[in-house]
Amino acid sequence: MRVTLRTSVIGALGAALLAGCGLTSGSPMVDDVKPGSIGKGLPLKGADLTVTSKEFTEQLILGAIMGIAFQAAGADVLDRTGIQGSIGAREAVKGGDADAMYEYTGTAWITYQGNSEPIDDPQKQWQAVHDADLKNGITWLPPAALNNTYALATNQKNEAKYKTKTLSDVAALSKSDPKAVTLCVESEFASRDDGLPGMQKAYGMSIPSSNITKMDTGIIYTQASKGSCTYGEVFTTDGRIKAMDLTVMEDDKHFFPNYNAAPEINSKSLEKYPEMAEVLDPITKKLNNTVAQDLNSKVDVEGQDPHEVAKDWLIQEGFVKE
């Protein structure tokens, strides 16, 4: 997704992934679905489409949502979801080995297009990514409200105790009661300009290193839930936020980059099958952080299958029927 521990990929490794991690394989999607509010008239009948995604939970769900939607609209769909890292999936769409995927605007802007400064406004960020990628043979469809970016979160006890709602509140607390603000963060977040150092600078925080503990992502949620650290670094659509009843601090100065999910389509494929856009648009409009947290939680917390979670949601929302 973004350039983090989960998905940062060295260029040379990306080439290896492209050659060996899923682009020459795949299996047909065989969901017995029919049009609901989307796909009426089977606008994609006769189309052979390949969908892809990265390997983490949210991406697997989004890839399945896309593929099942295309099936309901009449397409035969090849499932090449679950490619390791960002670069392999991106190159599949760019090179035409896959027709479409859900990608994140911040990842494209920073990782693929080589920019260092994110754009604060989500719509302007999407537009900039859209315009820049046209020359790469990729067309971005309109984005979702779903924004999988960094945040700090705290448990209910600490929220009640310190009454912080925003990162500005956390900054104020760090000055009025320095011992109160302890952080659990990933090692990479602790050193990145768009992570902890940049956040502290943007908000005027000065948190001593003795108050910062570095640990793996999964442990952070547990420790923040227990209150072992007052605030933990989280990803805003992670299902564990809901499952562990954590409260996310609002990024009121809009420091963290926008990582809005949007369909990324091979331009030649979209030219051949423009109906893909009308099929996906209402689904994308429904995706937000609350929906993502709920769907991700069903997989990461409850142990459900990502494909079945995607299918159940599409049926529940009336997009498709069995």
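## An enclosed strand

In this predicted model, strand β7 (residues 150-154) is largely enclosed by the rest of the structure, because five of its five residues are buried. Burial here means a relative accessible area under 20%. In a regular strand, side chains alternate between the two faces of the sheet. Both faces of β7 are covered: Y150, L152 and T154 are buried on one side, and A151 and A153 are buried on the other.

Strand β7 runs antiparallel to β10 (residues 231-235), to which four bridges join it. Within β10, F235 is the bridge partner of Y150. Two bridges also join β7 to β11 (residues 247-248), again in an antiparallel arrangement; in β11, V248 is the bridge partner of A153.

In soluble globular proteins, nonpolar side chains tend to be buried together. The largest nonpolar core of this model has 62 residues, and those with the most contacts inside it are L44, I65, F70, I283, L287 and W313. Helix α2 gives the most to this core, with nine residues.

A second, separate core comprises 34 residues, including A151, A190, L196 and M249.

## The cavity

The model has one cavity of 30 Å³ or more, and the volume of the largest cavity is about 50 Å³. The residues lining the largest cavity are E58, I61, L62, L146, L287, A292, L295 and N296. Helices α2 (57-72) and α14 (289-300) are the elements that give two or more residues to this lining. By class, six lining residues are nonpolar, one is polar and one is charged.

Conventions: Residues numbered from 1 in each chain as written. Predicted model: local features only at pLDDT ≥ 70, side-chain atom pairs only at ≥ 80, totals over all residues. Heavy atoms only, no water. 1 Å grid on protein atoms, 1.4 Å probe; cavity = no way out; pocket = protein on both sides within 12 Å on 5 of 7 lines; lining within 4 Å. Points joined across faces, edges and corners; volume = space filled by probe spheres on them. Nonpolar A, V, L, I, M, F, W, Y, C, P; charged D, E, K, R; others polar. Core = buried A, V, L, I, M, F, W, Y, C linked by side-chain atoms within 4.5 Å. Buried < 20%, exposed > 50% of the residue type's maximum accessible area, 1.4 Å probe, protein only. Pairing = 2+ DSSP bridges.
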